[in-house]
Amino acid sequence: MADPLLDAAWKAREHAWCPYSGFAVGAALESDDGRWYAGCNVENASYGLTVCAERAAVSAAIAAGARRFRRLVVVADCDPPVSPCGGCRQVLAEFGEELLVESASRTARRSWQLRDLLPDAFKPSRRAHD
Ligand code: THU
């Protein structure tokens with residue numbers, strides 16, 4: 001079945017900057033009003049500065065004014081399809097734990113609810129602005 005969000009994630013993956021790992025990842029996030037924001041992993045010679053595709057998609061979405069999300073799709077050429085790293089789970093949880101996370105390779109797909117990937121996520125007791 002056609003899935004434009006999945007297509008957007010594969011398209012973003014084409015732009016991955018991953019000369020150190022050789023592992024290209026794409027991600028696309030759908031906001032609650034149906035808009036899409038894509039990202040890819042961006043590695044750095046100082047390896048620890050690498051930004052994952054999921055976090056790049058979150059940054060693109062936030063910079064465009066989106067705040068609430070329905071669905072994230074992440075894609076890479078590996079089986080089983082990648083499971084988002086712990087840091088990305090926490091970054092995604094900042095904007096709500098009611099998120100469907102889907103991961104796809106060329107041949108397989110799997111999905112989770114974010115709250116199951118990161119149970120009991122850290123939340124500050126208050127936020128100055130929402
Ligand atoms: N990576 C992502 O972009 N997302 C994931 O879910 C897993 C890992 C990237 C980080 C790094 O550039 C490369 O994949 C290898 O870890």
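## Overall architecture

The protein has four helices and five strands, where helices (H or I, at least four residues) and strands (E, at least two) are DSSP runs that are numbered from the N terminus. Along the sequence these elements follow the pattern α-β-β-α-β-α-β-β-α. The radius of gyration, taken over C-alpha atoms, is 14 Å, close to the 14 Å that the globule rule (2.2 Å times the number of residues to the power 0.38) gives for 130 residues, so the protein is as compact as a globular protein of that length. Of the 130 residues, 42% are buried, a term that stands for under 20% relative accessible area, while exposed stands for over 50% and partly exposed for the range in between (1.4 Å probe, protein chains only).

This is a predicted model, in which local features need pLDDT of at least 70 and side-chain atom pairs count only at pLDDT 80 or more, while totals for chains, interfaces and linings use all residues. Residues are numbered from 1 along each chain as its sequence is written, and side-chain values use heavy atoms, with hydrogens and water left out.

## The β4–β5 hairpin

Strand β4 (residues 100-104) pairs with strand β5 (residues 109-113) in the antiparallel sense over five bridges; two strands count as paired if DSSP finds at least two bridges between them. A hairpin of four residues joins β4 to β5, and Ala104 stands opposite Arg109 in β5.

## Around the ligand

An oxygen atom of the ligand lies 2.9 Å from an N or O atom in the side chain of Asn41, and for the side chain of Glu43 the corresponding distance is 2.5 Å. A polar side-chain atom of Glu54 is likewise 2.5 Å from an oxygen atom of the ligand. Taken alone, the ligand exposes 370 Å², of which the protein buries 78%; accessible areas come from the Shrake-Rupley method with a 1.4 Å probe, and for residues only the protein chains shown count as cover.

## Two backbone details

Most residues other than glycine have a negative phi, and most peptide bonds are trans. A cis peptide bond, however, joins Asp79 and Pro80, with omega about 0°, and Pro80 lies in the loop between β3 (69-76) and α3 (86-93).

Asp120, in the segment after α4 (114-117), has a positive phi near 55° although this residue is not glycine. Asp120 counts as exposed, because its relative accessibility is 78%.

Methods
A polar contact is a pair of N or O atoms within 3.5 Å; within protein, one must be able to donate a hydrogen and the other to accept it, and residues adjacent in sequence count only if both atoms are side-chain atoms.
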